[in-house]
Amino acid sequence: MSIGVAVIGAGMAGRGHAAAYRAATSLYGSDLPEVRLVSIGDVNSAFGQAAANRFGFERTDSDWRAIADDPKIDAVSVVVANHLHREIVEGLLAAGKHVLCEKPLSDTIEDAVEMVKAANEASSFARIGLTFLRNPAIAAIQQIIASGQLGKVLHFSGRYWADYSADPMAPMAWRYKGGMGTGALADVGSHISYVSEFITGKPVKSVSGARFVTSIKERPVATGAVMGHGLADVSDKFEAVENDDYAGFTVDFGDVAGVVEVSRVAAGHPTSLNFEVYCEKGAARFSQARNGEFELMLNEGPSGQRGFRTVQIGPAHPYIAGGLAVDAPGVNVGQNDQFFFQNRAFLQEVAGLPETAALPYCASFEDGLHNMEMLSSVIDSYNANGASVDVPAAAPTYLKKF
Ligand SMILES: NC(=O)c1ccc[n+]([C@@H]2O[C@H](COP(=O)([O-])OP(=O)(O)OC[C@H]3O[C@@H](n4cnc5c(N)ncnc54)[C@H](O)[C@@H]3O)[C@@H](O)[C@H]2O)c1
């Protein structure tokens, strides 16, 4: 057996998926069958060809349907703008391909519901890339809390600061189109939302106090293609920004509450998911700017000597042993590694290999829908002047098995 893979979207995150498939067979032992790197799909042939060359894929396709129609391809990552996910995912599932779709599932709750239906009716399976579930430090904190060592969770405070939009001359791109809630909230708020549940061990019940701000109201139109968060040559034409640069809201998990804030105009924070979690017997905190460590506070010893201590990530923590070429203590990890671990888990399932505690399968489309329902409730709260809005009840798979 071998697995033929393709990546649709050769942009910023698409390259992360391409690199991850290339590395997959070198991670966590040698039980994965041969992985054939078949195609990188991108409407921009230059982007597609460059990525295919760089990551060793056989070809590029400018139309995703060529990937859907190719019997040599078994598994496909969908890594394009959020509003394009539904059509491509549904087409791939109808063609019998296993799908790993990037977060958020789509840009509207209606499309997300239809995507779940399509996944449930498909002969193949569909998963979503909730990439920060694969962060070793975050997973380590989750394990410590789930073990009961810190006691009952009392309070969560989470932020995702990014600064890719802080420059007013950063060009217009798909990220700035769509209504309030499709901006920073969908882009980076989607991540901290599921992380808040993963860490507290509870699905969110309601959100309130939602506030959106469009800090920079128009952006210059680029003269060429725009990829990822990058700057580009721009014209003197400007278009209106339609969505949020900043979003803030409170989260209620029942007996635990907290605040979440996200921003794409947080100058000096290129990309930093960070949080603190406070518990009866101590606390833990994480900052993506220091991916190779987390901080732990245990209520033990004389009160005058308590405080946070720094724990360096190593093989004793999730994903490191066998997941890094050099998996010795203190060897650092980054967001690229999260894609490696995630796509290896996806291929594990495609290959029919068992799910293990060390390598859980990827999250489901129902999890992706729940994530969108949480974001949608934030939008509803904003439209209701900050009123509390219930999030439909859910039991995300990442609370049961990671
Ligand atoms: N998990 C993560 O950490 C993470 C990080 C970044 C982005 N993402 C997600 O990945 C997705 C893509 O984001 P990005 O930053 O890579 O975007 P991007 O703008 O850098 O790249 C998108 C690519 O899609 C191509 N494209 C556009 N229309 C297409 C079509 N119809 N068929 C094929 N290709 C098409 C574009 O030419 C471009 O190369 C989004 O859903 C985003 O939320 C996830």
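Predicted model: local features only at pLDDT ≥ 70, side-chain atom pairs only at ≥ 80, totals over all residues.
Student: Okay, how many residues sit between S14 and S15 in their hairpin?

Tutor: Strand S15 covers residues 293-298 and pairs with S14 in the antiparallel sense. Across that pairing, Ala284 stands opposite Leu296 in S15. The two strands form a hairpin, and the residues between them number five.

Student: And on the S13 side, which residue of S14 is the bridge partner of Val277?

Tutor: S13 (residues 271-279) runs antiparallel to S14, with six bridges joining them. A hairpin of two residues links S13 to S14. Val277 has its bridge partner in S14, and that's Ala284.

Student: Why is S14 described as largely enclosed by the rest of the structure?

Tutor: Buried means under 20% relative accessible area. S14 spans residues 282-287, six residues in total, and it's largely enclosed because the number of them that are buried is five.

Student: Switching to the second largest pocket, which helix gives the largest share of its lining?

Tutor: This pocket holds about 210 Å³ of space and has 16 lining residues, with Met372 and Ile379 among those nearest its centre. Helices H5 (109-121), H7 (184-200) and H9 (365-383) each supply at least two lining residues. The largest share is five residues, and the helix providing them is H9.

How values were computed: Residues numbered from 1 in each chain as written. Heavy atoms only, no water. 1 Å grid on protein atoms, 1.4 Å probe; cavity = no way out; pocket = protein on both sides within 12 Å on 5 of 7 lines; lining within 4 Å. Points joined across faces, edges and corners; volume = space filled by probe spheres on them. Helix = DSSP H or I, 4+ residues; strand = E, 2+ residues; numbered from the N terminus. Buried < 20%, exposed > 50% of the residue type's maximum accessible area, 1.4 Å probe, protein only. Pairing = 2+ DSSP bridges.
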